[in-house]
Amino acid sequence: MTKIRFQNTRTRRKDAFSPIDPSDVRMYVCGPTVYDRAHLGNARPVVVFDVLFRLLRHVYGADHVTYVRNFTDVDDKINTRAAETGRPIRDITDETIQWYLDDMGALGALTPTHMPRATEYIPQMIAMIETLIERGHAYEAEGHVLFDVTSDGNYGSLARRSLDDMKAGARVEVAPYKRDPMDFVLWKPSTGDQPGWDSPWGHGRPGWHIECSAMAFDLLGESFDIHGGGNDLTFPHHENECAQSRCAHPEGGFANVWLHNEMLQVEGRKMSKSLGNFFTVRDLLDQGIPGEVIRFVFLGTHYSKPMDWTARKAVDAEATLRKWRKMTDGVAAGNVAPAVLDALGDDLNTPGAMAELHRLAAGGNAADLKASAGLLGILDETLGEWAAAPDAGDAVAARIEELLAARTQARSDRDFARADALRDGFAAAGVVVKDTPEGPVWDLGPKFDLSKLEGL
Ligand code: AMP
Ligand code: ZN
């Protein structure tokens, strides 16, 4: 059997993986808060844990893996969106969930075994909160229920922070009803239009962290194998999930292995609305960048490293995929190359696995290339329609060359207005042009936008 090892956030070591029950390998991944389209960064954990899901299914059998990814459909950001738009919360969350499934499907992500919505697990959350109160780990104060962090001797063990460090470093909400500033909310009161449910502590709604603990317990039990998510969630979200679950169910260990993906950035900078480099998966798909190309780019960086999305990488990935698709078209899948499996088994080394695919392609081994790529979710029949269309990469290059020739012509005609319009057009479209003694050379810059080349 393929050996699998993971860099476990909990132990800070690369541990050999041995599932609690090989006939039911269980994994939980924190899903999105559903009030808006998923941005490209949100897609990273989806692809990372999809590759892991595929690897586990390959190794333990497709029917022997349970993958849970939740939808957070109760959250103050959703309430704000509802207030801004005047739309019912359920309309917003239903629509956003469908967008999410469509967009992640376009990236070739398999559907998890269970996709629980937080609002469908309120009774389980209330039950877990009651258990925490009974066991002395939580207390009620002014309509709130708070988790008492000092009651958990292991609090901070996942993120490896002491309570004193947390207090020094964190911007915690200081509220008069908290016994300790690090105590966090399990339940809070709802008023007016806020969504709420009746509970032993009055009409209210859950805090964020309790939903994952309650859904994981309900669907996977008190101990399961793998818990994943972005590393921005390690503290406080995962620390708090851990605390709640261990204290409510001390007979279990919650998750054995914790895996955290690093963040995605764009052209070397943090993706943010203020930098103007923020975009959704749908934006890229609508620009004509196939989901398979996005996936291919993602696979090129190890999940534990920051990943840089660049327009250049997308163009290169598209060219490679076209070549590989031509090569494997009509070829029956052979075997998954052992080196590809070894790479994935070694802490999900996708860049290593991709290097092996390049070797298989270079060696002309189309059958094994197809099988091995399939394990990574690429060269899949269902994702292939885009490749039948004309080559967008070539078309873009041809259009840029054509416009550069027009600019050279305009200059020699001394039509400076036309030359300047073309220069401004390139700048607006994010095409970086350099004039060299051998003539102009160009590259796609960080904000490349094909549509801005239209009408030039
Ligand atoms: P959210 O909806 O903000 O709770 O995020 C959903 C998932 O996306 C979480 O697992 C986050 O860790 C992950 N995530 C958010 N931003 C990024 C990013 N820039 N790069 C990678 N993952 C991200
Ligand atoms: Zn969670």
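**Ligand 1**

I started with the side chain of N42, where an N or O atom sits 3.2 Å from an oxygen atom of ligand 1. I note at once that this is a predicted model. Next I looked up D232. An N or O atom of the D232 side chain lies 2.4 Å from a ligand 1 oxygen. For T33 I found a backbone contact instead: a backbone N or O atom is 3.2 Å from an oxygen of ligand 1.

How much of ligand 1 does the protein bury? I read off 82% of the 490 Å² that ligand 1 exposes when taken alone.

I then listed the surroundings. There are 14 residues around ligand 1. G41, N42, G230, D232 and L264 come nearest. By class, I count the shell as 5 nonpolar, 6 polar and 3 charged residues.

Which helix gives the most to this shell? I found that α1, residues 40-60, does, with 4 residues.

**Helix α1 against α9**

I stayed with α1 and checked its packing on α9. The two axes are 10 Å apart, and the angle is about 80°. I therefore log α1 and α9 as roughly perpendicular to each other.

From α1, I noted L40, A43, R44, V47, D50, V51 and R54 in the contact. From α9, I noted I294, R295, F298 and L299. The classes here are 7 nonpolar and 4 charged, with no polar residues.

**Helix α9 against α10**

I followed α9 (residues 291-299) on to α10 (residues 311-328). Their axes come within 9 Å and cross at roughly 110°.

Which residues of α9 meet α10? I wrote down E292, V293, F296 and V297. On the α10 side I have K313, A314, A317, E318, T320, L321, W324 and R325. I sorted this contact by class into 7 nonpolar, 1 polar and 4 charged residues.

**Helix α11 against α12**

I moved on to α11 and α12. Their axes are 7 Å apart, and the helices pack at about 170°.

α11 brings A339, V340, A343 and L344 to the contact. α12 brings T350, G352, A353, E356 and L357. I class these residues as 6 nonpolar, 2 polar and 1 charged.

**Backbone checks**

I looked at the loop between α11 (338-345) and α12 (350-362), and L348 is found there. L348 has a positive phi of about 55°, although L348 is not a glycine.

Is the peptide bond from F235 to P236 cis or trans? I found it cis, with omega near 0°. I placed P236 in helix α7, which covers residues 234-248.

**Recap**

I close with the points to keep. D232 has a side-chain N or O atom 2.4 Å from an oxygen of ligand 1. α1 gives 4 residues to the ligand shell, and α1 also packs on α9 at about 80°. α9 in turn crosses α10 at roughly 110°. The α11 and α12 pair packs at about 170°, with L348 in the loop between them.

Technical notes:
Residues numbered from 1 in each chain as written. Chains lettered and ligands numbered in written order. Predicted model: local features only at pLDDT ≥ 70, side-chain atom pairs only at ≥ 80, totals over all residues. Heavy atoms only, no water. Near = heavy atom within 4 Å. Polar contact = N/O pair within 3.5 Å; in protein donor to acceptor, adjacent residues only side chain to side chain. Areas by Shrake-Rupley, 256 points an atom, 1.4 Å probe, with all protein chains shown as cover. Helix = DSSP H or I, 4+ residues; strand = E, 2+ residues; numbered from the N terminus. Nonpolar A, V, L, I, M, F, W, Y, C, P; charged D, E, K, R; others polar. Axes fitted to C-alpha atoms, helices over the stretch in contact; angles between N-to-C directions. Contact = heavy atoms within 4.5 Å. Parallel < 35°, antiparallel > 145°, perpendicular 65-115°, else oblique.
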